[in-house]
Amino acid sequence: MSAESGELRTDVLAVAAHRDDVEQTCGGTLLRMASRGLRTGILDLTRGESGTRGSAEERGREAAEAARLLGVSWRDALDLPDGAIENTLENRIKIVRVLRRLRPRVVILPYWQARHPDHSIVATLGYEASFLSGLARLDFGAEVAEPASKPHRPFKIVYASLYADVRPSFIVDITPFIEQRHAALMAYRSQYANQAQGNALFVPEEEIRERTFAEARHYGLLAGVKYGEPFVQKEVGLVDDLTLVPVQSI
C-alpha cells in the first residue's frame, strides 16, 4: 500500500499528522465508507520517530495492521518531522503528489484547533495542498519533473472533530463498526499496551475501551444512533427534500 506503486484512486482520503490519529478520530467512518464499496485511504504525514513510546519501524508495522482492520485500499506515510510539522510549500507539494495520484473526492483533515501543534498545522497544510493540487500550472521546482501529474482538487473537505469542543456539523453512524474500530486502534501495541515507559502520559490499557466507547456513545446520542463520529464542515448544507432529512427533532 505504498505511494510508489503508481496511481490507485480513492474516494475518501484521511490525512493525519501521526500514525494512530485516524484510528482515534475517524476509523469508524472509514469502515462505514468501505462497507459501501468506496475506496478509502490514509496518508500519515510523519513516521512517529519522536514519540515517547515505540519506534518508527514498530509504528509502521502497527499502521499496516490497523489499515488491514479498517479495510483501507491504500496507506502510506510521508517523511515530515514528528513534532515539528511546518506549513511550507515543499510540504504542500509532497501532499499534492499524493492527491494527484489518488484523486480523492473527499479529504478528511484534523480539526484546526488542537492541543498538539502538529494537528492544527495539518488542518491548514492539508487544505492548502488540496487547493494547490487543482492548479494546472503548479511549479514543482526546477529539479522535479511531473509530466504525468494531472491537476485534481477534492470536491469536499471535512474535519474530524472528536477531540474538539465544538458542535459537529454532522455525525457518521459507526454503530456496526465500533468493535472493529477499537481493534484497529489497539493494533498499536507500542502505544497502548501497559508499560512503564510513558505511563504518566498514557491512559491505562484497561481504560481505553471505556473512554473511546463513551466518546462514540456521546456523539451517537446527538444524532439518535448508538455510536458516532463527529465532523465539521465549513460550508452550509444543501437539502433537496425536507421529508428525508435525518435525525428526529422532538
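Analyst: A cavity here is a set of points, on a 1 Å grid over the protein atoms alone, where a 1.4 Å probe fits but cannot get out, and lining residues have an atom within 4 Å of a point. Grid points are joined across faces, edges and corners, and a volume is the space filled by probe spheres set on the points. The model is predicted, so local features need pLDDT of at least 70 and side-chain atom pairs count only at pLDDT 80 or more, while totals for chains, interfaces and linings use all residues. Residues are numbered from 1 along each chain as its sequence is written, and side-chain values use heavy atoms, with hydrogens and water left out.

The structure holds 1 cavity of 30 Å³ or more, and the volume of the largest cavity is about 50 Å³. Its lining consists of E23, Q24, Y163, R181, H182, L185 and T212. By class, 2 of the lining residues are nonpolar, 3 polar and 2 charged; Ala, Val, Leu, Ile, Met, Phe, Trp, Tyr, Cys and Pro count as nonpolar, Asp, Glu, Lys and Arg as charged, and the others, Gly among them, as polar.

Helix 1 (21-25) and helix 6 (178-186) each supply at least two lining residues, and the largest share, 3 residues, comes from helix 6. Helices (H or I, at least four residues) and strands (E, at least two) are DSSP runs, numbered from the N terminus.

Two lining residues also take part in salt bridges, R181 with E229 and E23 in a network with D44 and R75. A salt bridge is a side-chain nitrogen of Lys or Arg within 4 Å of a carboxyl oxygen of Asp or Glu. In the pair of E229 and R181 the N to O distance is 2.6 Å. E229 lies in strand 7 (residues 228-232) and R181 in helix 6, so this pair ties together parts that are 48 residues apart in sequence. Both E229 and R181 are buried, where buried means under 20% relative accessible area, exposed over 50%, and partly exposed in between (1.4 Å probe, protein chains only).

Because E179 lies in helix 6 and R209 in helix 8 (residues 205-222), the pair ties together parts that are 30 residues apart in sequence. E179 is partly exposed at 43% relative accessibility, and R209 is partly exposed at 36%.

Notes. 1 Å grid on protein atoms, 1.4 Å probe; cavity = no way out; pocket = protein on both sides within 12 Å on 5 of 7 lines; lining within 4 Å.
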